[in-house]
Amino acid sequence: MVKLRLKRCGRKQPIYRIVAIDVRSRREGRDLQKVGFYDPIKNQTCLNVPAILYFLEKGAQPTRTVYDILRKAEFFKDKERTLS
């Protein structure tokens, strides 16, 4: 099973990549694809929308934190418009 989860990149200041990763892998393990990043200090988010849609259509489950980030970026409103 594949999940969309955060992978920490920053050493002193936290910066996270949003990655598609196998459930059995550890947090810093090998990811399938990088689909965005999140900077909680500057409150910046960059998303690769086609890649996220691809993994969600294939059955990937976002973690709670990634789901909240996607919701704040109004990702699901855009998805509903494209499906309707």
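This note walks through the sheet, the helices, the core and a few single residues of a predicted model.

1. **Ground rules.** The model is predicted, so local features need pLDDT of at least 70 and side-chain atom pairs count only at pLDDT 80 or more, while totals for chains, interfaces and linings use all residues. Residues are numbered from 1 along each chain as its sequence is written, and side-chain values use heavy atoms, with hydrogens and water left out.

2. **The sheet.** Helices (H or I, at least four residues) and strands (E, at least two) are DSSP runs, numbered from the N terminus. Two strands pair if DSSP finds at least two bridges between them. Strands of a sheet pair through backbone hydrogen bonds, either parallel or antiparallel.

3. **Strand 3 and its partners.** Strand 2 (residues 16-22) and strand 3 (residues 33-39) run antiparallel, joined by 5 bridges. Tyr16 stands opposite Tyr38 in strand 3. Ile18 has Gly36 of strand 3 as its bridge partner. Strand 3 and strand 4 also run antiparallel, with 4 bridges between them. There, Asp39 has Gln44 in strand 4 as its bridge partner.

4. Contact means heavy atoms within 4.5 Å.

5. **Faces of helix 1.** Buried means under 20% relative accessible area, exposed over 50%, and partly exposed in between (1.4 Å probe, protein chains only). Ala51, Ile52, Phe55 and Leu56 of helix 1 are buried. Seen down the axis, the buried residues of helix 1 fall within an arc of 130°, so they line one face. The arc is that of the directions from the helix axis to the C-beta atoms. Pro50 and Glu57, on the other side of helix 1, are exposed.

6. **Faces of helix 2.** Val66, Ile69 and Leu70 are buried in helix 2. They cover an arc of only 95° around the axis, which puts them on the same side of helix 2. Arg64 and Lys72 are exposed on the other side. An α-helix has 3.6 residues a turn, so residues three or four places apart point the same way.

7. **The core.** A nonpolar core is a set of buried Ala, Val, Leu, Ile, Met, Phe, Trp, Tyr and Cys residues joined through side-chain atoms within 4.5 Å. The largest one has 16 residues. Those with the most contacts inside it are Leu4, Leu6, Ile18, Val35, Ile52, Phe55 and Val66. Strand 1, strand 2, strand 3, helix 1 and helix 2 each supply at least two residues of this core. Helix 1 gives the largest share, 4 residues. Beyond its neighbours within four places in sequence, Val35 is in contact with residues including Leu4, Ile18, Ile52 and Phe55.

8. **An aromatic pair.** Rings of Phe, Tyr and Trp (its six-membered ring) pair if their centres lie within 6.5 Å; planes under 30 degrees apart count as stacked, over 60 as edge-to-face and the rest as tilted. The count is 1 aromatic pair. Tyr54 and Phe55 form it, edge-to-face, at 5.3 Å centre to centre and 75° between the planes. Tyr54 is partly exposed at 45% relative accessible area, whereas Phe55 is buried at 10%.

9. **A lysine to check.** Lys7 lies in strand 1. Lys7 is buried, with a relative accessible area of 12%. Not counting residues up to four places away in sequence, Lys7 touches Ile15, Tyr16, Arg17, Val19, Arg27, Glu28, Gly29 and Asp31.

10. **Positive phi.** Asn43 is not a glycine, yet its phi is positive, near 55°. Asn43 lies in the loop between strand 3 and strand 4, and is exposed at 58% relative accessibility. Glu74, also not a glycine, has a positive phi of about 60°. Glu74 sits in the loop between helix 2 and helix 3 (75-83).
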